[in-house]
Amino acid sequence: MTVNSTIVLPSGVVLKNRLLFAPISTLDSDITGRASQGELAFFAERTGGVGGIVVASAYVSLVGKAYEHGLSVSHKSHISHLSQLAKIIQKNGTKAFLQIYHGGAMTHFVRQPQYFCVSQASANLGNVAYTELGEKEIEQIVLDYEKGIERSILAGFDGVEIHASNSYLPQQFLMSSWNQRTDRWGGVLNNRLRFLTEIIQRGLKVIDRLAKKPFALGVRLSLEDNTSSVVSVRQQSFRESLLIIQALNDYPLDYIHVTSHDILQTVMVENHPYQVLRLLKVMSPKVPLIGCGNLLQPDDIESALENCQLVSACRPFVLLPKWADQIIQGQEVQLPVLNMSGSDRQLLRIPRRLWKSVKESTDWYLYR
């Protein structure tokens, strides 16, 4: 397959090419989670050439908010501004997907009346005082996701991506390093999967009930538990991730969006070398895969597409708004030389807080 070929997702959503703008927060929403004019301008500058844009990342409830100045899908009042965002992205045939999340234990980065965790026995929690989620709280959070998917449909998006990576709540349930519960939500993998699969099943019912056009449901997964510096823990989380991907093939998802620091890398599994994407392809025979991680040049993209149906990136789009056009035309990508001035920021339509991130992590954005 080539990057410029169309793909029809299982739901019927048609992408005009195999490239996606992966989620990256612009950090420019207002205090209530509404998209700013700067945020709208950022995406308007980057849509058109790319097959789809996954907008990061809207919290499904106020108590699930993990960082400031992010989008919200937590109330029906947010539908109107999200609708504006979807319409801007959808110009020229680009599809708009909304990533939705609950931060779980990661909400300690913002002021909350109470901090919840999956399991108080986890060594990942640090010194923050957490309350372990009970049945009532879990049911409410699943309902919050259900409502978030409903609002995304009403806002006119083409799909929703459940954020189950970056140590947010779904990944906290999935990973044994986080989840040491002994009830039906913890223990064996099928129990740890229950929180995510419950959201998936509820979401599919909402889509079937409300969507008047094809609407995609995807999941974003990390290949490792990046909160741990212990090699054995990371290796175990990698093996668990493979089994999770395999298990998710039992559900009619539109895609599994896999993120890694280098999706083309070779890893050792049981003392045998495997190219990551080839391994993932074996584990996901039914659900389309999106490969994400350290992809920049046309050759990188074509190599990835040998083993997955779609590819994504976020960093190139920040500094090269028309990166997708260059990839489709097979042009070698030259990242810009910036003097980090205000004029650079304005020319690229980058919101101020995201620009601060670019200045603080320039090497990362420039693939150094």
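Q: Which helices are included in what covers the buried residues of H12?

A: The model is a predicted one. The cover over the buried residues of H12 includes helices H1 (37-46), H9 (315-319), H11 (342-348) and H13 (362-365).

Q: Which residues of H12 are buried?

A: In an α-helix there are 3.6 residues a turn, so residues three or four places apart point the same way. Here H12 spans residues 352-360, and Leu354, Trp355 and Val358 are its buried residues. Their arc around the axis is only 100°, so they sit on the same side of H12. Arg352 and Glu360 are exposed on the other side of H12.

Q: At what angle do H5 and H6 pack?

A: The angle between H5 (residues 189-210) and H6 (residues 231-248) is about 50°, and their axes are 11 Å apart. The two helices are therefore oblique to each other. Their crossing is right-handed. On the H5 side the contact is made by Leu189, Arg192, Leu193, Leu196, Thr197 and Ile200, and on the H6 side by Glu240, Leu243, Ile244, Ala247 and Leu248. By type, these contact residues are 8 nonpolar, 1 polar and 2 charged.

Q: Does Ile53 count as buried or exposed?

A: Ile53, in strand S4 (residues 52-59), counts as buried because its relative accessibility is 0%, and the cut-off for buried is under 20%.

Q: What does Ile53 touch, not counting residues up to four places away in sequence?

A: Its contacts include Leu20, Phe21, Phe43, Ile89, Thr94 and Phe97. Thr94 is 41 residues from Ile53 along the chain, and their C-alpha atoms are separated by 7.2 Å.

Note on methods:
Residues are numbered from 1 along each chain as its sequence is written. This is a predicted model: local features need pLDDT of at least 70, side-chain atom pairs count only at pLDDT 80 or more; totals for chains, interfaces and linings use all residues. Side-chain values use heavy atoms; hydrogens and water are left out. Axes are lines fitted to C-alpha atoms, for helices over the stretch in contact, and angles run from 0 to 180 degrees between N-to-C directions. Helices (H or I, at least four residues) and strands (E, at least two) are DSSP runs, numbered from the N terminus. Angles under 35 degrees count as roughly parallel, over 145 as roughly antiparallel, 65 to 115 as roughly perpendicular and the rest as oblique. A crossing is left-handed if the near helix is turned anticlockwise from the far one by less than a right angle, and right-handed if clockwise. Contact means heavy atoms within 4.5 Å. Ala, Val, Leu, Ile, Met, Phe, Trp, Tyr, Cys and Pro count as nonpolar, Asp, Glu, Lys and Arg as charged, and the others, Gly among them, as polar. Buried means under 20% relative accessible area, exposed over 50%, partly exposed in between (1.4 Å probe, protein chains only). The arc is that of the directions from the helix axis to the C-beta atoms.
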